[in-house]
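Please walk me through this model in the viewer. What should I select at each stop, and what is there?

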Amino acid sequence: MGEKFKKNENKVIYVLVRIFIIILIFATVGIYIYSKDYYRASVTAEDALVSEEGIEYSEDQGNLVFTPTNPKGGVVIYPGGKVSERSYGNLAQKIARMGYKTIILKFPLKLSIFSNNKAKSYVESEEIDDWVIIGHSLGGVSAATFTSKYPDKIKALVLMASYPSSRTDLRSVPFKVFVLLGEKDMVIDRVALLEAESRLPVDAVRIDIPGGNHSSYANYGMQEGDALPEIGYEEQQKYILDLLEEAFR
């Protein structure tokens, strides 16, 4: 009887192990497929990932870094969800040309929520005193979370088609907050955006972009569900460049 029971127990264990292995295989395949499903950088963005006179381009553990000679401030970019960090190369290069060290963060599975505080090591370095944190879409949620926890040395938070999560209260932060919203943005949840305004400082600046959409803050093509823009990438991204001078004042 005892031997029969032991055999049945071994059978159950064998079946459970097989089920676990099958589930593990499917999960691994699923994660692999998911990891390959993201918006990739355009040629324009890729071509910008180079050094040029007065600006050194480098990669630091996957993060993309533009360092001008004698930087006068720093900018960290949190990419949108499922968007390649390389897609922001063109924008970052233009920011660096303005004299600001610019870092585009890279995240596992292209999702910043896995590491909201990833900008911390750069912002807390002694090299630069003043930083502006930029977040696009889901990246803006992470950027807002980070700045609320580590406000020191932050000059401004720039939310591109984004807003703070329900757990992030920015009403009393010591830095400036800017919110950019494209007129043609069909991806952002406008109800949630309106609700999130109660968690922003009373002096937060909202900048509406006529003809702008959700996708054109970076160079990766059209995001699913978004509307076609009525302005070009350069024109939409110029709004970011223009407000940076105000942000660093």
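Start at the largest pocket. Its lining divides into seven nonpolar, five polar and two charged residues. Here Ala, Val, Leu, Ile, Met, Phe, Trp, Tyr, Cys and Pro count as nonpolar, Asp, Glu, Lys and Arg as charged, and the others, Gly among them, as polar. Select Ser 137, Leu 138, Ala 161, Val 187 and His 214: of the 14 lining residues, these lie nearest the pocket centre. The volume is about 180 Å³. On a 1 Å grid over the protein atoms alone, a pocket is an open set of points with protein on both sides within 12 Å along at least five of seven lines; a cavity is a set where a 1.4 Å probe fits but cannot get out; lining residues have an atom within 4 Å of a point. Points are joined across faces, edges and corners, and a volume is the space filled by probe spheres set on them.

The model is predicted: local features need pLDDT of at least 70 and side-chain atom pairs 80 or more, while totals for chains, interfaces and linings use all residues. Numbering starts from 1 along each chain as its sequence is written, and side-chain values use heavy atoms, without hydrogens or water.

Next, the cavity. The count is one of 30 Å³ or more. Select its lining, including Pro 79, Val 83, Glu 85, Phe 107 and Lys 110. By class, that lining has five nonpolar, two polar and three charged residues.

Now show the sheet. It is open, with eight strands in the order β1-β2-β4-β3-β5-β6-β7-β8 and mixed pairing. β1 (55-60) and β8 (205-209) stand at the edges with a single partner strand each, so one side of each has no neighbour in the sheet. The twist averages 15° from one strand to the next. Strands (E, at least two residues) and helices (H or I, at least four) are DSSP runs numbered from the N terminus; two strands pair if DSSP finds at least two bridges between them.

Zoom in on β1. Six bridges join β1 to β2 (residues 63-68), and the two run antiparallel. Glu 59 stands opposite Leu 64 in β2.

Then select α3 (residues 89-97). α3 lies across β1, β2, β3, β4 and β5, at about 160° to β4 (100-104). Angles run from 0 to 180 degrees between N-to-C directions of axes fitted to C-alpha atoms, for helices over the stretch in contact; contact means heavy atoms within 4.5 Å. Eight of the nine α3 residues are buried (under 20% relative accessible area, 1.4 Å probe, protein chains only). Among them are Asn 90, Gln 93 and Lys 94. Just after α3, Gly 99 takes a positive phi of about 105°.

Note on methods: Buried < 20%, exposed > 50% of the residue type's maximum accessible area, 1.4 Å probe, protein only.
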